[in-house]
Amino acid sequence: MQRFVTLDTPLAGLRTVRRTRLGDARGHLCRLFCAEELDAVGWDKPIAQINQTRTAARGTMRGLHFQRPPHAEKKLVMCLRGTVWDVAVDVRAGSPTFLHWHAVELSGDNDLAFLIPEGFAHGFQALTDDVEMLYLHSAAYAREAEGGLNPLDPRLALPWPLPPGEMSERDRAHPLLTPDFQGVPL
């Protein structure tokens with residue numbers, strides 16, 4: 001039985017993954033990861049790191065983060081509790097969809113995940129209080145490879161669903177895009 005249904009997005013390599021719940025009167029089981037099934041849709045590396053976040057307040061924003069080569073990473077992002085507006089921005093140098101974005105609502109109830117390939121910046125806004133997220137990464141975090149986009153950059157024109165709430169100083173300090181930003185080579 002296949003436990004995942006994957007849906008392509010308008011951005012090459014970026015996919016939404018629907019996990020299949022198996023349940024009965026006791027509750028349910030939902031597989032979060034299966035290398036064999038997800039390899040066929042782009043997850044072709046081992047998991048190098050797993051992170052969990054908790055976001056306390058509705059409106060809070062995290063991101064937009066990416067890592068440059070040789071530490072570029074794939075991410076499988078899911079929401080375990082609450083609801084978020086999750087967005088990925090294409091920062092691949094030379095990509096026909098460079099600086100285009102796609103967003104999906106992830107929640108603890110809808111069993112969706114976002115499969116984000118290398119070369120995408122990622123972030124989210126909490127749409128509810130008390131959000132819990134789980135991230136699977138194909139590469140360990142490397143401070144020297146860290147990059148980010150300012151989530152409020154007018155050039156991106158991201159239509160955040162709520163007025164911007166709490167944000168880290170690091171995310172707020174990411175510079176606005178300049179016309180000479182060429183993206184991340186992969």
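The model is predicted, with local features requiring pLDDT of at least 70 and side-chain atom pairs pLDDT 80 or more, while totals for chains, interfaces and linings use all residues. Residues are numbered from 1 along each chain as its sequence is written, and side-chain values use heavy atoms, leaving out hydrogens and water.

**The largest pocket**

Select His65, Lys75, Tyr135, His137 and Arg170: of the 24 residues lining the largest pocket, these are the closest to its centre. A pocket here is an open set of points on a 1 Å grid over the protein atoms alone, where a 1.4 Å probe fits, with protein on both sides within 12 Å along at least five of seven lines; lining residues have an atom within 4 Å of a point.

Next, colour β5 (49-55), β6 (61-67), β11 (120-126), β12 (131-137) and α2 (169-173), the elements that each give two or more residues to this lining. Strand β6 supplies the largest share, six residues. By class, the lining has six nonpolar, eleven polar and seven charged residues.

**Ser107**

Move to strand β9 (residues 101-107), where Ser107 is found. Ser107 counts as buried because its relative accessibility is 8% (buried means under 20% relative accessible area, with a 1.4 Å probe and protein chains only).

Display the side chain of Ser107, which reaches the backbone nitrogen of Asp109 at 3.1 Å. A polar atom of that side chain also lies 3.0 Å from the backbone nitrogen of Asn110. Finally, select Cys79, Gly82 and Thr83, which Ser107 touches (heavy atoms within 4.5 Å), not counting residues up to four places away in sequence.

How values were computed. Helix = DSSP H or I, 4+ residues; strand = E, 2+ residues; numbered from the N terminus. Nonpolar A, V, L, I, M, F, W, Y, C, P; charged D, E, K, R; others polar. Buried < 20%, exposed > 50% of the residue type's maximum accessible area, 1.4 Å probe, protein only. Polar contact = N/O pair within 3.5 Å; in protein donor to acceptor, adjacent residues only side chain to side chain.
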